Amino acid sequence: MPRPVLLSLVLASVSTGAVCAAMNDADREFARPHQMVDIGGRRLNLYCAGSGPVTVVFDAPSGDGGWTWHAVQPKVAARTRACVYDRAARGFSDPSPLPPTFGNAVSDLHALLGKAGIAPPYVLVGNSFGGAAIQLYAYRYPQEVKALVLVEAGHEDEEKRINAASQGKLKQFYDAQNQFIEQCAQAARKGFELGSDLFAACTGGTGTAYGRELAAARLAMVRQPAYWDDLVAGNKAGDASEAELRAARRSFGDLPLVVLVRGVSPYAVPGKPQSALNKATEAENLAIQQDIAALSTRASLHVVAGASHIIQADKPQAVVDAVDEALDRAGY
């Protein structure tokens, strides 16, 4: 999903899935910056582990840092080199003066890997905004990418299609969300009142998905005005992002492609029967992901039962399995 940034932030922060286990040493690694790489007057945080003939690179949803993959990256690193990074104004990375479009995210990632000496080949893994960005990366640099794993990945026509399926409800949701993000941005510039209802609503509080140190790092990020300013800029740049991906859209040929789709609607009301509009929304989401999978002759699609939009939080092993599947197909 390119635009529902608050949704992805809240889901990532309050998930009560398998990642709610006690903090361990691997998790602590995500609670601090690692390699701060200068890509031209500003720095992006990069964290790599493991070794192998191919590098798996993870890209996060719009509202979160690279630590969203904290329950996935260590397991992949047991097989090959696995890298997470923080996009501009996420995690420990500096903000960017450029609008946060898919194209600018791709340019940053390409510069980051080059400056850090992380040479291709790559297998790219992305969720939501990150899933859209890595598709564009594969179009721009096809010789570098040997497989894609798309985790509830964004699509250029997603908003239009799902808004139609939901009879305009999605646009209403986005409009309300965007107004709320503006309110959070204003509060962040003034300084959040810790413990207030607005602070909890904007940040998700301390959340339950992470241990103490990683939760503190996430909380530090979402208290920063630059973080909220970037979210506001991202909302304004949504049409430009969609246009970038639409202009690049073509077949992936025989590129190995694994697509993961949520089995639980993020729009459903817990404990309530699923409405007809919600069913239509979820059917359209699945159709969009099926359309992406159809762009490769070597694609597979898996609906992940029990997982909502942030699959790596709810069912991290499903993402690990998908990466293994992509590595196998790519011959690594």
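Select helix 5 and helix 11 and look at how they cross: helix 5 passes helix 11 in a left-handed crossing, meaning that the near helix is turned anticlockwise from the far one by less than a right angle. The model is predicted, with local features needing pLDDT of at least 70 and side-chain atom pairs counting only at pLDDT 80 or more, while totals for chains, interfaces and linings use all residues. Residues are numbered from 1 along each chain as its sequence is written, and side-chain values use heavy atoms, without hydrogens and water.

Helix 5 covers residues 129–140 and helix 11 covers residues 238–248. Helices here are DSSP runs (H or I, at least four residues), as are strands (E, at least two), numbered from the N terminus. The axes of helix 5 and helix 11 lie 10 Å apart, at an angle of about 40 degrees. Axes are lines fitted to C-alpha atoms, for helices over the stretch in contact, and angles run from 0 to 180 degrees between N-to-C directions. Helix 5 and helix 11 are therefore oblique to each other; angles under 35 degrees count as roughly parallel, over 145 as roughly antiparallel, 65 to 115 as roughly perpendicular and the rest as oblique.

Next, select helix 7 (residues 169–190) and helix 10 (residues 225–236), whose axes come within 8 Å and cross at roughly 155 degrees. Helix 7 and helix 10 are therefore roughly antiparallel to each other. Their crossing is left-handed. Residues in the contact (heavy atoms within 4.5 Å) include I181 and A185 of helix 7 and W228 and L231 of helix 10.

Select K169, Y267, S275, N278 and T281, which lie nearest the centre of the second largest pocket, among its 15 lining residues. On a 1 Å grid over the protein atoms alone, a pocket is an open set of points with protein on both sides within 12 Å along at least five of seven lines, a cavity is a set where a 1.4 Å probe fits but cannot get out, and lining residues have an atom within 4 Å of a point. Helix 7 and helix 12 (276–293) each supply at least two residues of this pocket's lining.

Finally, select F30, N45, Y47, V84 and D86, the residues nearest the centre of the second largest cavity, which is lined by 13 residues. Strand 2 (43–49) and strand 4 (81–85) each give two or more residues to that lining. The largest share, three residues, comes from strand 2.
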